[in-house]
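Hello,

Here is the structure I said I would pass on. My notes on its aromatic rings follow below.

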Amino acid sequence: MSIVTLRRREMLIGASAAFIAPQLVLSAGAQSNLIVTPGQTEGPFYPVSFPADMDADLVRVQGQQAQALGQITHIAGRVLNKRGEAVRGAQVEIWQCDANGIYNHPRQPGLQRRDAAFQGYGRTEVAADGRYGFRTIRPVAYPGRTPHIHFKVHAPGAGRLTTQLYIAGEHQNATDGVLRGIRDAKARESVIVRLDPANDIEAGSLKGMFDIVLDL
Ligand SMILES: [Fe+2]
């Protein structure tokens, strides 16, 4: 481990240290070999109207006692440019189906089975260092798709990226048409995230690191 890496780690506090991936440590230095996050289809379930509560905690809906069904999962990362610098002011949106595989969308078959305690959509603005984070549930498969979370990132004055995050080890990753549609192997790997136990953050939860690198 380099001195730079050690110093960088010493500067980090609390549970957030667990989210620092090696490439981010490298990005603090002079070199950067970051892979631009590939764009992927928005799909048919981007919200047509936004929920009243659309913060970065999708597990709790404001005004409801119930907590969303599913395994709580903390997704965190940074929005970076190709040089590994934070994209200041970027906004990150996510949306995904609930634990029953149901999106909050009028075109969703079986919408009456939706888990009303799952927010389904959230957005947040990155911190000054590009960092973002969401508390959500581990995505589940639904017919025709491997588990995934949809992302849309808006960079001020520089357009937006629409993409999807996948979970490492899911057997359906091998046959998912959208994921396989990313032809470059490294680009494909860059959107597959390993989930680890995150009892340090919250009992029984998972955490995953997803850095989003914009073509800037
Ligand atoms: Fe989807």
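Tyr46, Phe50, Trp95 and Tyr121 are joined into a cluster by ring pairs. Rings of Phe, Tyr and Trp (its six-membered ring) pair if their centres lie within 6.5 Å. Arg123 lies over the face of Phe50, 4.9 Å from the ring centre. Over the ring of Tyr46 sits the charged end of Lys152, 3.8 Å from its centre. For such a contact, NZ of Lys or CZ of Arg must be within 6 Å of the ring centre and within 35 degrees of the ring normal.

A word on the source. This is a predicted model, where local features need pLDDT of at least 70 and side-chain atom pairs count only at pLDDT 80 or more, while totals for chains, interfaces and linings use all residues. Residues are numbered from 1 along each chain as its sequence is written, and side-chain values use heavy atoms, leaving out hydrogens and water.

The whole structure holds nine aromatic pairs. Phe45 and Tyr103 are stacked because their ring centres are 4.4 Å apart and their planes meet at 15° (stacked means planes under 30 degrees apart, edge-to-face over 60, tilted the rest). Phe45 and Tyr103 are 58 residues apart in the chain. Both are buried (under 20% relative accessible area, with a 1.4 Å probe and protein chains only).

Tyr132 and Phe134 make a tilted pair, 5.9 Å centre to centre with 55° between the planes. Tyr132 counts as buried, at 3% relative accessibility. Phe134 is also buried, at 3%.

Best wishes

Definitions and conventions: Helices (H or I, at least four residues) and strands (E, at least two) are DSSP runs, numbered from the N terminus. Buried means under 20% relative accessible area, exposed over 50%, partly exposed in between (1.4 Å probe, protein chains only).
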